Amino acid sequence: MSLTTQHIERAQAAFLGLAIGDALGATTEFMTPNEIKAKHGTHRTLCGGGWLNIKPGHVTDDTEMSMAIANAVLTQGEWSQIEIADAFVTWMKSKPIDIGSTVRKGIRTYMTKGTLGMPRNDWDAGNGAAMRMVPVAIYTLGDEELYKRCTLEQAHLTHNHPLSDAGTLCVGEMVQAAILGADRFQLHECTRRLTDDFPNFKFQNYRGNASGYIVDTLQTVFHYLFTTASFEECLVGIVNQGGDADTTGAIAGMIAGAFYGMDAIPRQWKNKLNKKVRHEVTAAGERLVRLSPLATRLQ
């Protein structure tokens, strides 16, 4: 298999889907479904606001950290954990609109001790490593061993927990499978491998928990991904669940974007997304996939 126009477009749609899910979910983050319904009816526009009082169409740490990884790779032309760690430091020093406590702790540890990886911690089972998987999945497309190494290297800069590792790997695998043209059954097989190894992630009897705990996050993403029939329906369902809505929206957006493709992303969402962000993520998606093993193996 060699790189095709469809692969490029789906890689771009994955990165764009991340940003749109992030911007859409920022409005309803930390709200309950009843609170969302009372204030917004059904929330379905990039209207900003929320607890961060974000501007319409702007994004949060999910997209910003993903772009930090992407820019580090594109600047070097290859993967470098040190460069990614340095990019995280630069990002944190820029005073971002939001930063998770586990992420902050990991970056500060690197700054003070030079440690490229946090030790195993039972409190690190959050979704902060999974939310920034798009550039990793795209850049390593076509090389499973490289994918696993890069995934865990970026994850462990801030998060080191078996559930975080497993969930983060699964998210990237789904993005890659979707870029390569997987159908719904093949995507479901990715989740089945995860739930076979870690039954905590089973999502058939979804209870509506959408917190930042990686299990809650992925149960929410999987439930809506497999019970809806379009990119828009999937994301609207997820962000109206509230909780950690920017991250559940971002993760669903990257998978659904790659799966449904660029044309399935609503035009009004594309147009409302901050223009600079829209340009950066779509350009990064193409540039990263052109660096991938899938693209370079036949050169």
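**Ground rules.** I am working with a predicted model, where local features need pLDDT of at least 70, side-chain atom pairs count only at pLDDT 80 or more, and totals for chains, interfaces and linings use all residues. Residues are numbered from 1 along each chain as its sequence is written, and side-chain values use heavy atoms, with hydrogens and water left out.

**Loop residues.** I looked up Phe-30 and found its phi near 70°, a positive value in a residue other than glycine. Phe-30 sits in the loop between α1 (5-26) and α2 (33-40); helices here are DSSP runs of H or I, at least four residues, numbered from the N terminus. Phe-30 is exposed, at 54% relative accessible area (exposed means over 50%, with a 1.4 Å probe and protein chains only).

Then I turned to Asn-53, a non-glycine residue whose phi is also positive, near 50°. I found Asn-53 in the loop between α2 and α3 (61-76), and Asn-53 is exposed at 63%.

**Helix pair.** How do α3 and α14 pack? I noted an angle of about 45° between α3 and α14 (residues 275-291), with axes 10 Å apart; the axes are lines fitted to C-alpha atoms over the stretch in contact, and angles run from 0 to 180 degrees between N-to-C directions. That makes α3 oblique to α14 (oblique is what remains after under 35 degrees, roughly parallel, over 145, roughly antiparallel, and 65 to 115, roughly perpendicular).

Methods
Helix = DSSP H or I, 4+ residues; strand = E, 2+ residues; numbered from the N terminus. Buried < 20%, exposed > 50% of the residue type's maximum accessible area, 1.4 Å probe, protein only.
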